[in-house]
Amino acid sequence: MTRKLLPVVDNLNRALDAERSVETSESPEFRHFLHGVELIGKQLNEVLESFGVQPIPAVGERFDPHIHEAVVTEPSDEHEPDTVIAELARGYRIGDRLLRPAMVKVSARRADDD
Amino acid sequence: MGKIIGIDLGTTNCCVAVLEGGTVQIVPNKEGGRTTPSVVGFTDKGERLVGQIAKRQAVTNASNTVYAVKRLIGRKFDSAEGQRMRETAPFEIVDSQNGDARVRVQGRVYSPPELSGIVLQRLKAAAEDFLGEAVADAIITVPAYFDDTQRQATKDAGKIAGLNVERIINEPTAAALAYGLGKSEAEKIAVYDLGGGTFDISILEMNDGVFEVLSTSGNTYLGGEDFDERIMNWMADQFLADSGIDLRRDRLALQRLKEAAERAKCELSSASETSFNLPFIAADASGPKHLNKTLTREKFEELVRDLVQQTVEPCERALADAKLQASDIDKVILVGGQTRSPIVERTVADIFGKKASAEINPDEVVAMGAAIQGGVLTGDVKDIVLLDVLPLSLGLETRGGLFTKIIERNSTIPLRNSLTFTTVVDNQSSVEIHVLQGEREVSTGNRSLGKFELVGIPPAPRGIPQVEVTFEVDANGIVSVSATDKATGREQQMRITPSSGLAQDEIDRIIREAETSAESDRSQRDKIDLVNRLSSLVKNTQRSFLEFGGLLSKESQENAQRLLGEGEAALKSDELGELRMALDAVDRVARQLTNAMMKESAESEATKES
């Protein structure tokens, strides 16, 4: 069941990310509302944690197919090759087991590495 | 003899089954999946990843991630299939000395049996974990149209994986076995197999436990993935019309779309409509965009109708080749996940005029049948007598480039047959025995299995010498041919190792290498376990330290911090030796903290009591 909840968590996070990046010229009512939704998100994460569900570290980590799923690669000057440069969907483990791999963008290998 | 496992070695996915405790059970892989993607990834750390994990890194390592090897096994580099793969595969396909197709990965050339062998090795290990005992024997299934070379190559793959392949059996036959057929009188069976990437239709005749393949047809590039694509494109088009944004340009959106499409397809097999809810799928100047649409089963069927229609003609062709009408078919069996769609079930029922059997999981039915065959061989399954048959006719090239059959296809094996031939010119001193496999009248239309010469025929007018050619096929379908000059008793023979495939010493070398890499695979796995254990131990111990560290003496605290630091350093270094030492060290700290904590709570209990 936990696995089925994850897309909901994803979408809530996406909603929050979208609005957080918007200019804070919004009305105070909206910001209160946003804050309220953030608290709900926090509560959801706490419930998941109580079940032993932990997010998988992604951005900045070395790409590891045991816990990450690479969806796209991109050349990057500021990162080492084979490093996770963006998390497109959070991955989770439950205890020792993988619940869902993180969906990630990985820095491309240099052409001469192939 | 130990258990014989049944393996469905598919183009897109594999499945393993075994007869255990009287029932056929599916062996899950290490990740808990009942099927395993047929993908091998070679990482630059020297790891060989197999299955879902290999798929996950495919995008970062496309030229070293190999899939659909089944399309190359037993095939030549310049065959039609070889060509097509070369055009579409991101990994390099190369030629070899004997013309076989091979794959070059990380600068090293692998034969398709080696690559399939890597997958089989993992499946074998999973079966051993599941059964708690060593597994040495297996039955592997192949498409009914696979020729001797492809079958032999599949057996080689098994050998490389350390498996004794007891039998190679046909996939439709295995499916029929899983349905408990093969016990009764005569029956004509149609097996409709729509998998992830291929479509196969086979017409079988079963007589007293003997399954004969009457005909096969299909489309090797039609499968469930094509259905997913139709849904994806429809969704993207809808969104484009609504918002002006083409989701196909955004890799992430496309990925979400792909997953949603596959999910929707599966849901529509039981529900009459499903909704797509993809919030924040894109954004433009006016803000974030969401995709929220309903797909009805009706619309889905409209989108895929022509794909399903493409399966009709091969079915009709197979019936015609078998010289049967649809009404002659007693039973129709569905294989492959895509057959779960109601539109497919209906179409099959329309073609054959009767409802198909689909009670057994169509993704697992072939592996289950192979496991049952294993059970028959070990004697665990008693009420079936199964005889194997030769899939294609065997014969010789005779005068004028004709093909003379010596053994008809669908003859039960083992068998032996002889024909006597003679010379075509006066004083001819040798005859060339060119062994071929196939059904065509002209020898060039058939597959060459090998050639040899019988020399030293004493001079005589043509038509006088008597050369007896004997074909022998053993229970595994291995062909031996001998030619004897009746006058002199001179004999020459050859065991057909086809003019393709791997030579025995190559196989031996590959097996040796496979054993060493099994070692390194195991130590790789061990290291990963170690890293995981150390990582959680360090985290937990750090937490304990924060809470209870104060209970320790200053010296112990400093020591604990130092050892925790070493633990983190070991995780960064990824060195096996360091990891092991760190695990011990951090474990000691953890225990120290636990002791201190217990002592503290015991003392406070004591003070409470007093």
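Predicted model: local features only at pLDDT ≥ 70, side-chain atom pairs only at ≥ 80, totals over all residues.
Strand 5 (residues 39-42) of chain B runs antiparallel to strand 6 of chain B, and three bridges join them. Within this pair, Phe42(B) has Arg48(B) in strand 6 of chain B as its bridge partner.

Two packed helices are described by the angle between their axes and the distance between the axes. For helix 3 (residues 112-131) and helix 4 (residues 148-160) of chain B, the angle is about 50° and the axes are 7 Å apart. Helix 3 of chain B and helix 4 of chain B are therefore oblique to each other, and their crossing is right-handed. On the side of helix 3 of chain B, the contact is made by Pro112(B), Pro113(B), Glu114(B), Ser116(B), Gly117(B) and Leu120(B). These residues meet Ala153(B), Asp156(B), Ala157(B), Gly158(B) and Ile160(B) in helix 4 of chain B.

Spanning residues 4-9, strand 1 of chain B is mostly covered, with six of its six residues buried. In a regular strand the side chains alternate between the two faces of the sheet. Here Ile4(B), Gly6(B) and Asp8(B) point one way from strand 1 of chain B, while Ile5(B), Ile7(B) and Leu9(B) point the other way, and all are buried. Strands of a sheet pair through backbone hydrogen bonds, either parallel or antiparallel. Strand 1 of chain B runs parallel to strand 11 (residues 137-142) of chain B, to which five bridges join it. One of the pairings places Gly6(B) with Ile139(B) in strand 11 of chain B, its bridge partner. With strand 2 (residues 13-20) of chain B, strand 1 of chain B pairs in the antiparallel sense over four bridges. Leu9(B) has Cys14(B) in strand 2 of chain B as its bridge partner.

Another open sheet of chain B has four strands in the order 15-14-13-18, and its pairing is mixed. Its edge strands, each pairing on one side only, are strand 15 (210-219) and strand 18 (331-335) of chain B. The twist of this sheet averages 20° from one strand to the next. Strand 13 (residues 187-194) of chain B pairs with strand 18 of chain B in the parallel sense over five bridges, and Ile189(B) stands opposite Lys331(B) in strand 18 of chain B. Helix 5 (residues 171-178) of chain B packs on the sheet, where it touches strand 13, strand 14 (199-207), strand 15 and strand 18 of chain B. The direction of helix 5 of chain B makes about 110° with that of strand 13 of chain B. Helix 9 (residues 312-321) of chain B lies across strand 14 and strand 15 of chain B, running at about 145° to strand 15 of chain B.

Two loop residues of chain B deserve a look for their backbone geometry. Gln106(B), a residue other than glycine, has a positive phi near 50°. Gln106(B) sits in the loop between strand 9 (102-105) and strand 10 (108-110) of chain B, and because 13 other C-beta atoms lie within 10 Å, Gln106(B) is partly exposed. Asp574(B), also other than glycine, has a positive phi near 60°. The loop that holds Asp574(B) runs between helix 13 (554-573) and helix 14 (576-609) of chain B. With 13 C-beta neighbours inside 10 Å, Asp574(B) is likewise partly exposed.

Finally, the contact between the chains takes 20 residues from chain A and 15 residues from chain B. On the side of chain A that touches chain B, helix 1 (2-20), strand 2 (68-74) and strand 6 (102-107) of chain A each supply at least two residues. Strand 2 of chain A gives the largest share of that side, six residues. The residues of this side of chain A divide into eleven nonpolar, four polar and five charged.

Conventions. Residues numbered from 1 in each chain as written. Chains lettered and ligands numbered in written order. Axes fitted to C-alpha atoms, helices over the stretch in contact; angles between N-to-C directions. Parallel < 35°, antiparallel > 145°, perpendicular 65-115°, else oblique. Left-handed = near helix turned anticlockwise from the far one by under 90°. Contact = placed C-beta atoms within 7 Å. Nonpolar A, V, L, I, M, F, W, Y, C, P; charged D, E, K, R; others polar. Pairing = 2+ DSSP bridges. Buried ≥ 20, exposed ≤ 12 C-beta atoms within 10 Å, placed from the backbone.
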